[in-house]
Amino acid sequence: MDTASRQVVVIGGGIVGSSTAYFLKKRGINVTILEGSSIAAGASGKAGGLLAYDWTEGQPSESLTKVSYKLHQELAKTFGAESIGYRPVTTVSLAIDTVSNRGKKVPGAEWINNKSVSQSSKLGDERTTAQVHPRLLTQKLAESADKIIYAQAERIETSGSDGKPSAVLAKGKDGNEVKVDCTDVVVAAGPWSGQLVKKLFKNDSSVDSSDYSIVGSRAHSIVLKSSQPLSAMACFTSIRTGKNTTEPELYCRPDGTGYLCGPTDDAPLPERADQVDINTKAIAKLKAEAILISPEALGEKAEVVAEQACFLPISRSTGSPILSELKENVFFAAGHSCWGILQGPATGLAMSELILDGKVSCCDVSELTP
Ligand SMILES: Cc1cc2nc3c(=O)[nH]c(=O)nc-3n(C[C@H](O)[C@H](O)[C@H](O)COP(=O)(O)OP(=O)(O)OC[C@H]3O[C@@H](n4cnc5c(N)ncnc54)[C@H](O)[C@@H]3O)c2cc1C
């Protein structure tokens, strides 16, 4: 099929779907994003946004990560670094022990409560670690689509005997059915991708939906507007208070906020991204940890900007992202776990190549199949 007649519907307006739309559009393809809630409603709007060049070395996604890290630098030039909160950062590991109070200084981070820091070491510098504001980047990428339709994809209509897609049928927010004509479909629905494949292909014996089993794992985060300037720093902490140790991650953003996220739990995945429940205890714990890291900058004087939760998309069958052609003219990209913001742009570029050229050349995705 010639490029001009292709019409791609991308299901899911997270970083993966929006990046796919962006790179397809760069090749002149007509693209519609079909999004059930709002752009970046899931993890792509609530993630930390840390980017690390070499932290997936030796893993199946190493090449995807490295290509994507460079694409982030290019996107920052294209969109303007400030508009997407992009900047290189220093990344440190920080041990805080409220019992021993050893009072170590963290170089370049005077705002950190140094009475209880027992150890700090560098994990990455400004050449190998960076950050981006996930929601702002996702929204910028999504703007490239010809159309964004807010509706929950429910069915794929096929034409003739070849089984190729001719339309996606979805339910709009008003409950009405929406029909979007297409030649190709990309399933990029994050943690909802596994159950969506099951639903879309329940009567199609050529698709084994267990190959595309993506599940969701909930994590909470808060965003605090600091009362004093924070450094360009990401901190992987280990906080010991008596017998308990917790490991929240703190990312200081260029807008003067600090983003803090905690561990995952086993809450069930809701039907839609805007229906995620927030556990107030998990939020209170993060606030208490922020005070332990820096009572001055992130304590009572800090303004709470966001209290939120979202679901990591985890590939149950492979443990790695899955980028593949699910059947003729239907594609799948999901399961990026804790590196979806980092790997989103290269995933989008790879998917655009797979759809238009029949093979991926920008990076090695040979191990990212079901
Ligand atoms: C707490 C936390 C911190 C993180 N920090 C980082 C980080 O620092 N760096 C990093 O690289 N990654 C990070 N991640 C991981 C990253 O956020 C995810 O891997 C990434 O956002 C997944 O993107 P996605 O587009 O696949 O899915 P999502 O962002 O979940 O997007 C899926 C979209 O699909 C839509 N959708 C679902 N079903 C349908 C349907 N039937 N029809 C239409 N639309 C549908 C949803 O509404 C949603 O908008 C973090 C994740 C969490 C939870």
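**Strands, helices and the ligand shell**

Student: Start with Leu224. What stands opposite Leu224 in β16?
Tutor: Gly258 of β16 stands opposite Leu224. Strands here are DSSP E runs of at least two residues, helices are H or I runs of at least four, and both are numbered from the N terminus. Before we go on, this is a predicted model: local features need pLDDT of at least 70, side-chain atom pairs count only at pLDDT 80 or more, and totals for chains, interfaces and linings use all residues. Residue numbers start from 1 along each chain as its sequence is written.

Student: How many bridges join β12 to β16?
Tutor: Seven, and the two strands run antiparallel. β16 covers residues 257-265. Two strands count as paired if DSSP finds at least two bridges between them.

Student: And how many bridges between β12 and β17?
Tutor: Twelve, again in the antiparallel sense.

Student: Is β12 mostly covered or mostly open?
Tutor: Mostly covered, with nine of its twelve residues buried. Buried means 20 or more other C-beta atoms within 10 Å of the residue's own; exposed means 12 or fewer, partly exposed is in between, and C-beta atoms are placed from the backbone.

Student: Switching to the ligand. Which residues come nearest?
Tutor: Gly12, Gly14, Gly42, Gly190 and Gly340, out of 42 residues around the ligand. A residue is near if its C-beta atom, placed from the backbone, lies within 6 Å of the molecule or strand in question.

Student: Which elements supply at least two residues of that shell?
Tutor: The helices are α1, α2 (43-46) and α8 (340-357). The strands are β2, β8 (147-159), β12 (214-225) and β17 (303-315).

Student: What's the class make-up of the shell?
Tutor: 25 nonpolar, 16 polar and one charged. Ala, Val, Leu, Ile, Met, Phe, Trp, Tyr, Cys and Pro count as nonpolar; Asp, Glu, Lys and Arg count as charged; the others, Gly among them, count as polar.

Student: What's the strand order in the eight-stranded sheet?
Tutor: β10-β9-β8-β2-β1-β11-β19-β18, an open sheet with mixed pairing. The edges are β10 (177-181) and β18 (322-327), each pairing on one side only. Neighbouring strands are turned by 35° against each other on average, direction ignored. Axes are lines fitted to C-alpha atoms, for helices over the stretch in contact, and angles run from 0 to 180 degrees between N-to-C directions.

Student: Where does α1 go relative to that sheet?
Tutor: α1 (residues 15-26) packs on the sheet. The strands touched are β1 (7-11), β2 (30-35), β11 and β19. The direction of α1 makes about 170° with that of β2. Contact means C-beta atoms, placed from the backbone, within 7 Å.

Student: And how do β11 and β19 run?
Tutor: Parallel, with three bridges joining β11 (residues 184-187) to β19 (residues 330-334). Val185 stands opposite Val330 there.

Student: Back to α1. At what angle do α1 and α4 pack?
Tutor: About 35°, with the axes 8 Å apart. α4 covers residues 134-142. The contact uses Ile15, Ser18, Ser19, Ala21 and Tyr22 of α1, and Pro134, Thr138, Leu141 and Ala142 of α4. By class that is six nonpolar, three polar and no charged residues.

Student: New topic: β13. Which strand pairs with β13 over eight bridges?
Tutor: β5 (residues 90-97), in the parallel sense. β13 covers residues 233-241. Ile96 has Ile239 as its bridge partner.

Student: What about β14 and β13, parallel or antiparallel?
Tutor: Antiparallel, over three bridges, with β14 at residues 244-246. Arg240 is partnered by Thr245. The hairpin has two residues between the strands, and Gly242 takes a positive phi near 65°.

Student: And β15?
Tutor: β15 (residues 249-252) also runs antiparallel to β13, joined by three bridges. Phe236 has Glu249 as bridge partner.

Student: Last one. Why is Glu74 called exposed?
Tutor: Because Glu74 has 10 other C-beta atoms within 10 Å. Glu74 sits in α3 (residues 62-79).

Notes
Two residues are in contact if their C-beta atoms, placed from the backbone, lie within 7 Å.
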